[in-house]
Amino acid sequence: MVENDAVIGRPLYELAIGRRFGLMLMEIRRRGKRIVYDDNTVLEKNDVLTVLGTPHPDRGYGRIHG
C-alpha cells in the first residue's frame with residue numbers, strides 16, 4: 001500500500017520500479033478497484049501495487065513502497 005509521501009503524487013516513470021528494484025508491476029488497485037495504468041499514472045495514497053519478482057535487497061523497495 002502506498003503510504004510514503006515521497007512517492008504520492010509521482011508518476012510511475014519517475015519511480016522506475018522495474019529498473020531500480022528488479023520488479024514487474026502487475027496491477028494497481030485504487031479504492032478497491034483495479035485501474036488501467038501506464039508510465040504517466042500518478043500514485044495516490046493507499047494505492048495497492050501488485051509486483052512480481054524478488055526485490056534487490058540493497059535497493060530499498062520498502063522505502064519507496066511505504
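Biologist: In which loop is the place of Asp 47?
Modeller: The model is predicted. Among its strands are strand 2, at 33-35, and strand 3, at 48-52. Asp 47 has its place in the loop between strand 2 and strand 3.

Biologist: Does Asp 47 count as buried or exposed?
Modeller: Its contacts, not counting residues up to four places away in sequence, include Met 1, Val 2, Ile 28 and Val 42. Arg 29 and Arg 30 are also touched by Asp 47. The cut-off for buried is under 20% relative accessible area. Asp 47 has 1% relative accessibility, so the residue counts as buried.

Biologist: How many residues does the chain have, and what percentage of them is buried?
Modeller: There are 3 helices and 3 strands in the chain. From the N terminus on, these elements run α-α-β-β-β-α. The chain has 66 residues, and the buried percentage is 30%.

Biologist: What is the order of the strands in the open sheet?
Modeller: Strand 1 and strand 2 pair in the antiparallel sense over 3 bridges. Strand 1 is also joined to strand 3, by 5 bridges and again antiparallel. Strand 2 and strand 3 are the edge strands, each pairing on one side only. The order of the open sheet is 2-1-3.

Biologist: How many degrees does the twist average from one strand to the next?
Modeller: The open sheet has 3 strands with antiparallel pairing. From one strand to the next, the twist averages 35 degrees.

Biologist: Which residue is the bridge partner of Ile 28 in strand 3?
Modeller: Strand 1 covers residues 24-30, and Ile 28 has a bridge partner in strand 2, namely Ile 35. In strand 3, the bridge partner of Ile 28 is Leu 49.

Biologist: Which residue takes a positive phi in the hairpin of strand 1 and strand 2?
Modeller: Arg 30 stands opposite Lys 33 of strand 2. The hairpin has 2 residues between its strands. The positive phi, near 50 degrees, is taken by Arg 31.

Biologist: Which residues meet Glu 27 in a salt bridge?
Modeller: At 15% relative accessibility, Glu 27 counts as buried. One partner, at 3.2 Å from N to O, is partly exposed with a relative accessible area of 34%. The other, at 3.4 Å from N to O, is exposed with a relative accessible area of 57%. In that order, the partners of Glu 27 are Arg 29 and Arg 34.

Biologist: Which residues do salt bridges with shared partners join into one network?
Modeller: The count of salt bridges comes to 6. Asp 47, in the loop between strand 2 and strand 3, is one of the network members. The network joins Asp 47 with Arg 30, Arg 31 and Glu 44.

Biologist: What is the N to O distance in the salt bridge of Arg 10 and Glu 14?
Modeller: Arg 10 is partly exposed, with a relative accessible area of 26%. Glu 14 also counts as partly exposed, at 36% relative accessibility. Their side chains meet in a salt bridge with an N to O distance of 3.0 Å.

Biologist: What is the area of the nonpolar surface patch made by Met 24, Met 26 and Leu 52?
Modeller: Met 24 has its place in strand 1. A patch takes residues with over 30% relative accessible area, and Met 24 is partly exposed at 49%. The patch made by Met 24, Met 26 and Leu 52 has an area of about 300 Å².

Biologist: How far apart are the C-alpha atoms of Thr 54 and Phe 21?
Modeller: Thr 54 lies in the loop between strand 3 and helix 3. With a relative accessible area of 67%, Thr 54 is exposed. Leaving aside neighbours within four places in sequence, Thr 54 is in contact with Phe 21, Gly 22 and Leu 23. Thr 54 and Phe 21 are 33 residues apart along the chain, and their C-alpha atoms are separated by 8.3 Å.

Note on methods. Residues are numbered from 1 along each chain as its sequence is written. This is a predicted model: local features need pLDDT of at least 70, side-chain atom pairs count only at pLDDT 80 or more; totals for chains, interfaces and linings use all residues. Side-chain values use heavy atoms; hydrogens and water are left out. Two strands pair if DSSP finds at least two bridges between them. Helices (H or I, at least four residues) and strands (E, at least two) are DSSP runs, numbered from the N terminus. Axes are lines fitted to C-alpha atoms, for helices over the stretch in contact, and angles run from 0 to 180 degrees between N-to-C directions. Buried means under 20% relative accessible area, exposed over 50%, partly exposed in between (1.4 Å probe, protein chains only). Contact means heavy atoms within 4.5 Å. Patches are made of residues with over 30% relative accessible area and no salt bridge: like charges are joined within 9 Å, nonpolar side chains (Val, Leu, Ile, Met, Phe, Trp, Tyr) within 5 Å. Accessible areas come from the Shrake-Rupley method with a 1.4 Å probe; for residues, only the protein chains shown count as cover. A salt bridge is a side-chain nitrogen of Lys or Arg within 4 Å of a carboxyl oxygen of Asp or Glu.
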